[in-house]
Amino acid sequence: MLEELSSMEALIAVIIGVLTACGVYLALRARTFPVVIGLTLLSYAVNLFLFITGRLTVGLPAVISDQAAGYADPLPQALVLTAIVISFAMTAFIIMLALKARAELGTDQVDGRLDAEDARDARGGEHG
Amino acid sequence: MNHEVIAPVLFPLFAATLLLLLRRVMPLRTRRSLNLVALVIQILLVSVLVKSVLGGEILVYALGNWPAPYGIVMVADRLSVWMLLVTSLLAFFAMLYAVRGTDAGSRHFHPLFQLQLFGLSGAFLTGDLFNLFVFFEILLLASYALLLHRGGANRVRAGLHFVALNLAGSTLFLFAVGTLYAILGTLNMADLAVKAAATPPENLGVVRAAGLLLFVVFALKAALIPLYLWLPAAYSSTSAPVAALFAIMTKVGAYSILRVYTLIFGAEAGPVANLIGPWLLPLALATMAIGTLGVLAAHELRRQVAYLVVVSVGFLLTAFALGTEASIGAGLYYLAHTTFAAAAFFLLADIIAMGRGTLADRLDPGPIIANANLVGALFFITAILVTGLPPLSGFVGKYMVLSAAVDLPSMPWVFGVILTAGLFGVIALARSGSLLFYRAEGPIERTGASGRHAIGPNWGRLLPVIGLLLLCVALVVWAGPLFDYTRATAEQLLQPSLYIRAVLGEPQS
């Protein structure tokens, strides 16, 4: 059982690491869509991280009972619920903002600058 | 139980709900008055709290009557109440300006304004690190919407950067909080202070890393170098009353730095004591220097004021970084002054911009604006305040910080940077003032390509500016008792054991 847990811990750690790395990479991209996806991945990573701050346990009861030797830490679960709700709202907000920026600035570049691809799109739009 | 502690948090939430529900039933005029009345009540609620903490008591409010550290607590000490007082006064004058037309054109300006106040009050009063995160998110979400109020390409562009950066900041905040909880097993700030002081050596590295990660988050909120880049664009593109209210937003970061790094990682914290000691002073001084360059280089008045906010953050954190009772006390006095002065300047810049038609606030010579004598005089007074020339409160604050630094080893650096930044600030504002008011030429271009009309100042718009300037005058007139208060605040902060005992009760052993 102990072995199982330690390999599980390694797996979770790798998952959080990969999610964070992908999130950071995407958040640094120049267009709003990858940035939004990157921020979402970052929030997934941090939610998972918060969830396991109570440590990985197997078969422990959720609430304190007199007979139980130990119990699963309830606080991280409450924290991660709060964090999920907040990150969900924030993601919804930034998606709307990205759409508004696309409409107002005429490009999905994060700095609002037109680049070669936008120019091509604009030309295509005129012809079509 | 002492319910006055939670009243300043709950009341704005109540007012926001009320304003939201009454939108369809009440005309805008009534809702404006209602919001102003709510802000006056907020000031009164905070004043009651001021009276309670004046003698140095630390009031603890346990939500649901769960004892700390198991339940969530709100803690009102001198520092929290001082911040609340500054916030509520600032909010009143910002709203007084907003009801002159800025609030039209968006349905939810009034509720959002109150929600922003809700988040701010909560962040100042909470005694729990995770709750600090939650209140940060509340005030940020309200601030996103306020920042984008009435739209426009510039606002959307600046808003996108602001939101994306703060989302990344929130993620870092959660990583730091999670790490602290995983190692120390608590989120109550007082309990964290006890546990952090007793960190076993094998966990020391992780706790330090989490502490420094928290510093990165707070530095982002406070706009400390190199994380200040979002501020000038966001503050200079948003509407004037919102920018004025945002003058307190950077101070939330400064407050959090002061709170966490005197309480949890303060001088009494054993192995993790003075965690950010080596970082804060150089970063704060560099922020002042870079901010001053921005002030000199700015092409628009509002951008210049935004860079002046960066400079004031650098100054404030320099005072906090020196870490003596006198310097922190002086810093807190300066905090009130700089918040009011920056807010007044943002409002005034808006009045000037409206009076110049298509030129707006660009620093190019243009036509004489209507009522130039009065507006020019107000500009002159504000510039004196902001650059810290005698006889107004900027000078008093600056003098007190400098006199606190005289005996410290870092004296040459502190004096050098502060005085040079002050000189360049004077030069930059003198240039702006003469461009705006002396080198006036040509008739007012009433309508231009953008269709902007030149609107002269009226008393309704000037009144909030004058009110904020009078608050700064009051800071000078009552400088003695106020400095006594802020100094006592610093004394209280530098003895974290007082806070810990108030929250957790007497040690059992």
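In the predicted model, B:Pro226 is placed in the loop that connects helix H8 (204-222) with helix H9 (230-237) of chain B. The peptide bond leading from B:Ile225 into B:Pro226 is cis, its omega being near 0°. A cis peptide bond also joins B:Pro390 and B:Pro391, with omega at about 10°, and B:Pro391 likewise belongs to a loop, the one between helix H15 (372-387) and helix H16 (393-405) of chain B. Most peptide bonds are trans, and most residues other than glycine have a negative phi. With regard to phi, B:Asn65 takes a positive value of about 60° although it is not a glycine, and B:Asn274, which is not a glycine either, has a positive phi of about 50°. B:Asn65 is situated in the loop between E1 and E2 of chain B, whereas B:Asn274 is situated in the loop between helix H11 (249-263) and helix H12 (277-297) of chain B. As to their surroundings, B:Asn65 counts as exposed because it has 8 C-beta neighbours inside 10 Å, while B:Asn274, with 14 C-beta neighbours inside 10 Å, counts as partly exposed.

Helix H3 (residues 78-98) of chain B contains B:Leu79, which counts as buried because 23 C-beta neighbours lie inside 10 Å. When residues up to four places away in sequence are left aside, B:Leu79 touches B:Arg259, B:Thr489 and B:Leu493.

Two packed helices are described by the angle between their axes and the distance between the axes. For helix H2 (residues 28-53) and helix H4 (residues 109-125) of chain B, the axes come within 10 Å and cross at roughly 10°; as this angle is under 35 degrees, H2(B) and H4(B) are therefore roughly parallel to each other. Their contact involves B:Arg31, B:Asn35, B:Ala38 and B:Gln42 on the side of H2(B), and B:His110, B:Phe113, B:Gln114 and B:Leu117 on the side of H4(B). By class, the residues of this contact comprise 3 nonpolar, 4 polar and 1 charged.

The axes of H5(B) and H6(B) are 11 Å apart, and the two helices pack at an angle of about 175°; since this angle is over 145 degrees, H5(B) and H6(B) are therefore roughly antiparallel to each other. Among the residues that make this contact are B:Leu129, B:Phe133, B:Leu140 and B:Leu147 of H5(B), together with B:Gly159, B:Phe162, B:Phe173 and B:Leu180 of H6(B). The contact of H5(B) with H6(B) is made up of 12 nonpolar, 3 polar and 2 charged residues.

Between the chains, 26 residues of chain A are in contact with 21 residues of chain B. On the side of chain B that touches chain A, the elements giving two or more residues are helix H5 (129-147) and helix H6 (153-184), and the largest share, 15 residues, comes from H6(B). This side of chain B consists, by class, of 15 nonpolar, 4 polar and 2 charged residues.

Chain A itself has 4 helices and 0 strands, so that from the N terminus on its elements follow the order α-α-α-α. Of its 128 residues, 24% count as buried. Among the contacts in chain A with a separation of 6 or more, 48% are accounted for by residues 24 or more positions apart.

Technical notes: Residues are numbered from 1 along each chain as its sequence is written. Chains are lettered from A and ligands numbered from 1 in the order in which they are written. This is a predicted model: local features need pLDDT of at least 70, side-chain atom pairs count only at pLDDT 80 or more; totals for chains, interfaces and linings use all residues. Two residues are in contact if their C-beta atoms, placed from the backbone, lie within 7 Å. Ala, Val, Leu, Ile, Met, Phe, Trp, Tyr, Cys and Pro count as nonpolar, Asp, Glu, Lys and Arg as charged, and the others, Gly among them, as polar. Axes are lines fitted to C-alpha atoms, for helices over the stretch in contact, and angles run from 0 to 180 degrees between N-to-C directions. Angles under 35 degrees count as roughly parallel, over 145 as roughly antiparallel, 65 to 115 as roughly perpendicular and the rest as oblique. A residue is buried if 20 or more other C-beta atoms lie within 10 Å of its own, exposed if 12 or fewer, and partly exposed in between; C-beta atoms are placed from the backbone.
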